[in-house]
Amino acid sequence: MTNLIIFYSRTGITKKVTELIFENLSSDIEEIFDEKNRSGSIGYMKAGKDAMRKKLTTLKKYDKDPSSYELTLIGTPIWAWNMSTPIRTYITENMDKFKNVAFFCTEGSSGGEKCFENMSVLCDKKPLATLELNAKEIKEGIHIEKIKEYTDKINNI
Ligand SMILES: Cc1cc2nc3c(=O)[nH]c(=O)nc-3n(C[C@H](O)[C@H](O)[C@H](O)COP(=O)(O)O)c2cc1C
């Protein structure tokens, strides 16, 4: 299986998780960047508003073509119990190119399940695997085992 990992991270938590997934899975990887400044408390508030309204944004140019891979893993932070706006934009721009998808997310405490349902609808595909990690699990180191289970599942497909 050829794998592509696509992710967005506003404050580095999803990026840290993505790097651990990447260590366990033979794959190409691409970070998605937003043209819109999402930093600080104003960036936070605008991000919440954009996510709730299901708005799209403008992404910085990205290179990898998901149609060249058998599986695209898509990672997002949870914003307002949903996917982040950059990942909503990425999926919208590439929805016809995915052969198979897997999802992962990081969150403060909740929203992953609903987010995955919405991502699945937007991709028009059921994910082959999902991984939801909250702040407590990451703080306590539980994420390491959960990431291993997730990548083992994908490696065994
Ligand atoms: C605009 C915004 C909305 C958020 N909404 C939620 C939420 O609904 N549920 C939750 O558990 N965490 C929520 N969070 C927290 C993030 O999902 C969490 O901190 C995540 O791990 C951040 O990942 P990152 O560092 O990769 O950006 C929100 C964060 C932001 C910026």
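Because the model is predicted, local features need pLDDT of at least 70 and side-chain atom pairs count only at pLDDT 80 or more, while totals for chains, interfaces and linings use all residues. Residues are numbered from 1 along each chain as its sequence is written, and side-chain values use heavy atoms, with hydrogens and water left out.

The largest pocket has a volume of about 630 Å³; a pocket here is an open set of points on a 1 Å grid over the protein atoms alone, where a 1.4 Å probe fits and protein lies on both sides within 12 Å along at least five of seven lines, and the volume is the space filled by probe spheres set on those points. Its lining consists of 22 residues, with Tyr-44, Pro-77, Ile-78, Trp-79 and Gly-108 nearest the centre, where a lining residue has an atom within 4 Å of a point. Helix 2 contributes the most to this lining, with four residues.

Around the ligand are 19 residues, of which Ser-9, Thr-11, Ile-78, Thr-106 and Ser-109 come nearest, a residue being counted if one of its heavy atoms lies within 4 Å. Helix 1 (13-24), helix 2 (40-52), strand 3 (71-79) and strand 5 (101-107) each supply at least two residues of this shell, with helices (H or I, at least four residues) and strands (E, at least two) taken as DSSP runs.

Polar contacts, pairs of N or O atoms within 3.5 Å, can be followed one by one. A side-chain N or O atom of Ser-9 is 2.5 Å from an oxygen atom of the ligand, whereas a backbone N or O atom of Ala-80 lies 2.9 Å from a ligand nitrogen, and a polar backbone atom of Ser-110 is 2.8 Å from a nitrogen atom of the ligand.

Definitions and conventions: Polar contact = N/O pair within 3.5 Å; in protein donor to acceptor, adjacent residues only side chain to side chain.
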